[in-house]
Structure formats: structure tokens, C-alpha cells
Amino acid sequence: RDDTLLDSQPSSATINLNNADSRFSPANTSSPLTGHVRQMRAVRLRGSNSAYKSLDAEVAADSPLVYDRLGEPSGTTLQDSSGNGRNGTYTNAPTLAQTGALAGDIDTAALFAAASSQYASVPDDAGLSITGALTLEAWVKLANLGTQRSIIEKFDAGPLAGYYLRVTAANVLEGATADGAGTTVLTGTTALVAGTWYHVAYVFDGANHWLYIDAGQEATAAN
């Protein structure tokens, strides 16, 4: 997976949260994503590549809640570049410093292996319990298919409330939000291929939901 962005407004975001923590990759409710993850996004101009700067500037304009680039060369700390201080932790030693999705980008990607239960998590806090508009966004490349994989998930205790972005066992993208009173689930139609980078996003504006792959709309529904 390449980038991940979590925003409280329709923009872009990504994260995996489960009760006490936020998990970026696997979640307690599904198997980990197997493949490369490159950037969990949240903004800040870096490097000299103009395309990268332009992308970062767009992200910054959205005031994301979390922006994780997943570009650390080593270690266990997942750096949040949003300025909100939501640093996370890599668990079970995913492989860092892998080639990313964007040509000319200075940051690398992280490879999460399902067999080793590898993931990245962010401590839970009230600011991540989003009940209104949000966007979940990531760059992902799957190493294998045929099993449900979590990209971003968060659920709170009590009546089911939270959100997720996943790849299903049928190899299609799925996104959802739940508010304690009901759940809206969007399922894509494009069959994903192993070894290919995809930009995926789930958007909710408070009334309507959209699911995208590489800027192409996969599904939409009213709340």
C-alpha cells in the first residue's frame, strides 16, 4: 500500500481502527492486507519532485486527520505528517523501504505479509471516531488474492459505529460506514489484479457515499 489519508471532510484518508486502536492494514475483523503499502497520508511538502509537491499541497489543503507516508527506512514508528501527532506503530516487522507507486516520489512503501500478521496501528482517540463526512484513501498493491483484506478499519464499542475500506474475497473493493443506527456498504465491480498498484478511495459527504478505483467511480448510494 502506498499512501493513506484520513480526513474528516470529503478528501482522502486511510486507517485501520478497532476499539482500542486504529489498524492500518489488518484488522481484528478481517485478514491483513498482503502486499505493499506505500504511504498513509496526511500532508507536508517534502523533497524536490514537483508532482509530489503538488500532491502533498492538495492533501494539506484538506486538513487531514492522519497522513502516513509509510516511507520510514527502518524501525517500528509510523510517522504522522499531518501535524496532529497521531504517530503509529508497525507490528510484527513489515518490510519497509520498498519501491512505491509514484514514479519519481522520494518516499518508499511498506510491505505487509498476512502470514506474519503484520500491520500498522494508530492509538484511538475521539477525533478519529468520525460520524459525519469523511474520505478514506490509499495506494495499494496486492501480493495475492482470494481472501478478504483490510486496508483501513475503525469500529467503536457499543452500537456498531465506524468505517472501513477493504478488498473482499471476490477481489473487489468494498467500503462502508456505520453510525449505530444503520450501515451503508458499497461494493465495487472491478476485479483487482495482484502485483498492480491502485489508488482506492471511499467518500462520504454526510448524505451520499462513493467508492473509487484510480479515480473511476465503482459504486454510489444515498446514506
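## A buried tyrosine

Tyr 164 counts as buried because its relative accessibility is 9% (buried is under 20% relative accessible area, exposed over 50%, partly exposed in between, with a 1.4 Å probe and protein chains only). Arg 166 lies over the face of Tyr 164, 3.7 Å from the ring centre. A charge sits over a ring if NZ of Lys or CZ of Arg is within 6 Å of the ring centre and within 35 degrees of the ring normal.

## Basis of the model

This is a predicted model, where local features need pLDDT of at least 70, side-chain atom pairs count only at pLDDT 80 or more, and totals for chains, interfaces and linings use all residues. Residues are numbered from 1 along each chain as its sequence is written, and side-chain values use heavy atoms, with hydrogens and water left out.

## Confidence

The chain averages a pLDDT of 81 (the predictor's confidence in each residue, from 0 to 100), and 75% of the residues score at least 70. Over residues 8-30 the pLDDT is below 50, yet this stretch has 142 contacts beyond near neighbours in sequence (contact means heavy atoms within 4.5 Å). Residues 37-49 also have pLDDT below 50, with 98 such contacts in the model.

## Aromatic pairs

The structure holds two aromatic pairs. Rings of Phe, Tyr and Trp (its six-membered ring) pair if their centres lie within 6.5 Å; planes under 30 degrees apart count as stacked, over 60 as edge-to-face and the rest as tilted. Tyr 90 and Phe 112 have ring centres 6.4 Å apart and planes at 35°, so the pair is tilted. Tyr 90 is buried at 4%, and Phe 112 is buried at 0%.

Phe 155 and Tyr 164 have ring centres 6.3 Å apart and planes at 50°, so this pair is tilted. Phe 155 is buried at 11% relative accessibility.
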